[in-house]
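Please look over the sequence and the structure shown below before reading on. The briefing is meant to be read side by side with them.

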Amino acid sequence: MFLFKKSNLLLRLVIAFFFAISVISAQNCDTTIHSGEGTFYGGVAGSSGGNCGLPVPVDDILHCALNTVDYNGSQACGACIEVEGTKGKSIVLKVVDRCPECKEGDVDLHQDAFALIDEPISGRIPITWKYVSCPLKNDAKFIHINFKSGSTKYWTAIQLRNITQAIETLEYKDSSGNWIVINRVLFNFFIETKGIDTPMTLRATSVLGEQLLFENVDIDVDNDFNTNQQFENLCDETVLSNFETEYIGQTLEPTFFKNEIKLNIPSQEWRIYDMSGKKISSGIYSESIDIDYLSTGIYFLIVDAHKAVKFFKD
C-alpha cells in the first residue's frame, strides 16, 4: 500500500509549484555507547513471560534482558538495542525482559542470538551497545494499545506494543481537557488507579520527543487497539534540509507499485530519502525505479531536484 501516490497539485506547463519538506530533528537522539558484559539465557520466545510482559513469537530469538539500571523502571521495554561483541559482529535485539543480577551495562541475550556474535562456549563476553530504532515488520508496523485483564473505567492498565522508540510518557485527557501523566510500573504497564473513562484520548511521547495522539480508544481486554500510527523519528544524521522550490515544467505523475515506481517523464534524475533526511538511493530514470529493497516506512521521492512526493512502502 502507498500513501500520497500522487501530489494533490500536479505540475502543469508554466504552473509554479511550491513544496516544503519537513525534516525530523535528530538533536534528541541518544548516541550513548554502553559497555558491559554479554551473557545468554533461554529467552522467552513463544510467551509473554519476560518482565516487560510483551508477547514474543515462538520463532523470535532476537530479544534480550537488560540490567535493572538500564531497564529504567520498564522504560526500555519494547525498545531495540544494537549489541556488538569483540569479534566485530553485531545484532539488533528487542528488550523484553529484565536481568536483576546483571550489572549496569550488561545484556543477557537469547542463547541463539548470542551465538550470532560469539561462540556460546565463551559464556561471558565484553560488549558495547546503543539504542536504535526498532525494525518494522509487515504484521506489526503500527503501535497497538493493549489493556491488561481487569481493566475498566475504574482501574485502567495500558501497554503500548510494536513501538520503534522507547516511550518517555503516556498521558490521558481528563474531562476538563487536562493532560494527566499515567504512572508506569516495573512490569511495563501504565496504570491509572482511579481509572480512565472510555472512549479515551491518549498521548504518547517517545524518548526522542515525538508525540502521537490516539483518540476514541475503547477499553477492550480481549483485543488490542490498532492506532494505525508509528513514531517516525530515526537516529540518523539529517542531510536533507527544508526547502521550497518553484518548478515550471511538465506534469509529473509517478505511479507506485509494490516493488517499483514508474515515471511518465524519462531521463530524469531521482533520489529517495528516508524520514530522517538520509539519502537511500539515487539514479537516472530508465524504465522504472526499484524499491523492492526498501524496508517498511515513509520515504520522499525527489525527481530532478524539483518535485517531492511522500510515499509509504509496505
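Predicted model: local features only at pLDDT ≥ 70, side-chain atom pairs only at ≥ 80, totals over all residues.

**The disulfide of C52 and C77**

- C52 and C77 form a disulfide in which the two sulfur atoms are 2.0 Å apart, and because the torsion about their S-S bond is about -80°, this disulfide is left-handed.
- C52 is found in the loop between β1 and β2 (63-67), while C77 is found in the loop between α1 (68-71) and β3 (80-84), so the pair ties together parts that are 25 residues apart in sequence.
- C52 is buried, with a relative accessible area of 0%, and C77, at 4% relative accessibility, also counts as buried.

**The disulfide of C80 and C134**

- C80 and C134 form a disulfide with their sulfur atoms 2.1 Å apart, and the torsion about the S-S bond is about 110°, so this disulfide is right-handed.
- C80 lies in strand β3, whereas C134 lies in the loop between β6 and β7 (144-147), so this pair ties together parts that are 54 residues apart in sequence.
- As for accessibility, both C80 and C134 are buried.

**The disulfide of C99 and C102, and the overall pairing**

- C99 and C102 form a disulfide whose sulfur atoms are 2.1 Å apart, and with a torsion of about 70° about the S-S bond, the disulfide is right-handed.
- C99 is buried at a relative accessible area of 3%, and C102 is buried at a relative accessible area of 15%.
- If the bonded cysteines of the chain are numbered in sequence order, the pairing reads 1-2, 3-6, 4-5.

**The cysteine C64**

- C64 is buried, with a relative accessible area of 0%.

**Strand β1 and its partners**

- Strand β1 (residues 34-41) pairs with strand β6 (residues 125-132) in the antiparallel sense, over five bridges, and within this pairing G36 has I127 of β6 as its bridge partner.
- Strand β1 is also joined to strand β5 (residues 107-110) by four bridges, and these two strands run parallel; here the bridge partner of F40 is L109 in β5.

**The open sheet of five strands**

- Five strands form an open sheet, in the order β11-β12-β8-β7-β15, and the pairing is antiparallel.
- β11 (183-184) and β15 (225-226) stand at the edges of this sheet, each with a single partner strand, so one side of each is left without a neighbour in the sheet.
- β11 is joined to strand β12 (residues 190-192) by two bridges, with the two strands running antiparallel, and N183 has I191 of β12 as its bridge partner.

**The open sheet of three strands**

- Another part of the model holds an open sheet of three strands in the order β16-β17-β20, with antiparallel pairing.
- β16 (255-256) and β20 (289-290) stand at the edges, and because each has a single partner strand, one side of each is left without a neighbour in the sheet.
- β16 pairs with strand β17 (residues 260-262) in the antiparallel sense over two bridges, and in this pairing F256 stands opposite I261 in β17.

**The surroundings of E215**

- E215 lies in strand β14, which covers residues 211-217.
- Which residues does E215 touch, when residues up to four places away in sequence are not counted? On that basis, E215 touches M200, T201 and F225.
- E215 and P199 are 16 residues apart along the chain, and their C-alpha atoms are separated by 7.9 Å.

Methods
Residues numbered from 1 in each chain as written. Heavy atoms only, no water. Contact = heavy atoms within 4.5 Å. Pairing = 2+ DSSP bridges. Disulfide = S-S within 2.5 Å. Buried < 20%, exposed > 50% of the residue type's maximum accessible area, 1.4 Å probe, protein only.
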